[in-house]
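Subject: Structure handover

Hi there,

Here is the structure I promised to pass on. Could you open it alongside this note as you read?

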Amino acid sequence: MFIHHGLLPYQDPYLARFETWVDDKLRDLSEEVAKPVAQFATWHHLRRIRSMTTPEKSAQAPVHSAKQEITETIKFLDWLWETHQRTAANCTQQDIETWLATGPTTRKAIRTFIVFIKNTGTNHRVDMGHYTAKTRPAIAQDQRVAWLRELLTGTSESLTYRVAGILLLLYAQPLVRVAKLRTDAIETNESTGNMWITFGPHPVPIPEPFADLLREHLKGRPNLRTGSDAQSPWLFPGTRAGQPLHPNGIMDRLRSLGIDLRGARNTALDEHLLVSPPPLVADALGYSHQIAFLHADAAGDAWSRYVNLRTKP
């Protein structure tokens with residue numbers, strides 16, 4: 001609250017907790033494991049996250065990713081030392097291949113560490129390519145429509161989480177981005193009542209009846225008595241002063257309803273790409289053109305082949 005009202009200098013809470021988390025992780029490790037992990041956490045992750053964190057850009061997402069990579073790196077180095085009495089400096093390519101082949105896909109998170117020890121000269125003999133997922137979750141379009149109907153008209157959740165879920169199902173928005181939306185992303189034409197929302201370079205229309213639901217949410221946003229006052233800029237104000245709802249909380253509430261979050265987002269994006277060219281969808285929904293084209297290929301989109309088809313008799 002003091003930070004929010006300018007009485008203390010800004011400090012990102014995720015970064016502060018991450019620094020403590022790293023110290024706790026290192027405390028019980030053997031020296032052979034702790035030393036390279038400490039170098040990796042400090043020189044790569046902490047330095048990078050500190051340089052990119054600002055009051056406008058939270059450390060939440062990079063901290064989450066860094067924790068996954070450090071945790072998997074510790075597991076790998078523990079296994080390497082206990083099984084082969086080798087360290088990061090003298091591990092082999094076969095060690096890496098064996099580790100990846102004998103466990104879950106979460107082990108792919110050691111790639112950043114492998115690149116780190118190679119770039120820093122710790123071990124030039126190893127390499128690891130990018131991981132490509134073999135499956136792509138999706139839900140049926142009629143299931144997506146059913147969930148949209150439930151969130152628009154049902155009573156299975158409170159209004160806040162219904163609005164957040166519709167932003168996922170209708171506009172293919174990741175919930176991390178949904179949680180960070182501000183009220184100024186929404187525009188209303190006072191004469192016509194039409195509404196638009198901005199995710200990328202251009203605003204996109206908000207159809208009825210979702211527009212009515214969104215108006216109702218804007219009139220009664222929760223958590224406006226947490227020291228932020230009623231002028232909170234967040235579309236979904238959180239319980240901490242000046243902070244939005246945590247995306248993990250939104251994810252948990254929607255998962256508890258039975259919504260496959262990744263599948264729902266992929267299907268929503270696919271449906272947009274089937275009726276509009278990838279660059280237009282990317283600009284409207286705030287995706288990169290590269291990601292839009294990758295999803296278009298997976299969805300069976302024919303836009304990229306349209307010119308070739310037109311040149312044939």
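Below is what I found in it, taken part by part.

First, some housekeeping. This is a predicted model, in which local features need pLDDT of at least 70 and side-chain atom pairs count only at pLDDT 80 or more, while totals for chains, interfaces and linings use all residues. Residues are numbered from 1 along each chain as its sequence is written, and side-chain values use heavy atoms, with hydrogens and water left out.

Let me start with the sheet. Helices (H or I, at least four residues) and strands (E, at least two) are DSSP runs, numbered from the N terminus. Three strands make an open sheet in the order 1-2-3, with antiparallel pairing (two strands pair if DSSP finds at least two bridges between them). Strand 1 (186–188) and strand 3 are at the edges with a single partner strand each, so one side of each has no neighbour in the sheet. On average, neighbouring strands are turned by 30 degrees against each other, direction ignored. Axes here are lines fitted to C-alpha atoms, for helices over the stretch in contact, and angles run from 0 to 180 degrees between N-to-C directions.

Strands 1 and 2 pair over three bridges, and Thr188 has Met195 in strand 2 as its bridge partner. Helix 9 (residues 210–219) packs on the sheet, touching strand 1, strand 2 and strand 3, and its direction makes about 75 degrees with that of strand 2. Contact means heavy atoms within 4.5 Å. Strand 2 (residues 195–198) and strand 3 (residues 203–206) are joined by four bridges and form a hairpin with four residues between them; Trp196 is bridged to Pro205 in strand 3.

Next, a helix pair. The axes of helix 2 (residues 31–52) and helix 5 (residues 111–119) come within 11 Å and cross at roughly 90 degrees, so the two helices are roughly perpendicular (65 to 115 degrees). Pro36, Gln39, Phe40, Trp43 and His44 in helix 2 meet Thr112, Phe113 and Phe116 in helix 5. This contact has five nonpolar, three polar and no charged residues; Ala, Val, Leu, Ile, Met, Phe, Trp, Tyr, Cys and Pro count as nonpolar, Asp, Glu, Lys and Arg as charged, and the others, Gly among them, as polar.

Finally, helix 13 (residues 289–298) has Ala292, His295 and Ala296 buried (under 20% relative accessible area, with exposed over 50%, using a 1.4 Å probe and protein chains only). The exposed residues Gln290, Leu294 and Asp297 sit on the face turned away from the buried side. The buried residues of helix 13 pack against helix 11 (261–275) and helix 12 (278–285).

Definitions and conventions
Parallel < 35°, antiparallel > 145°, perpendicular 65-115°, else oblique.
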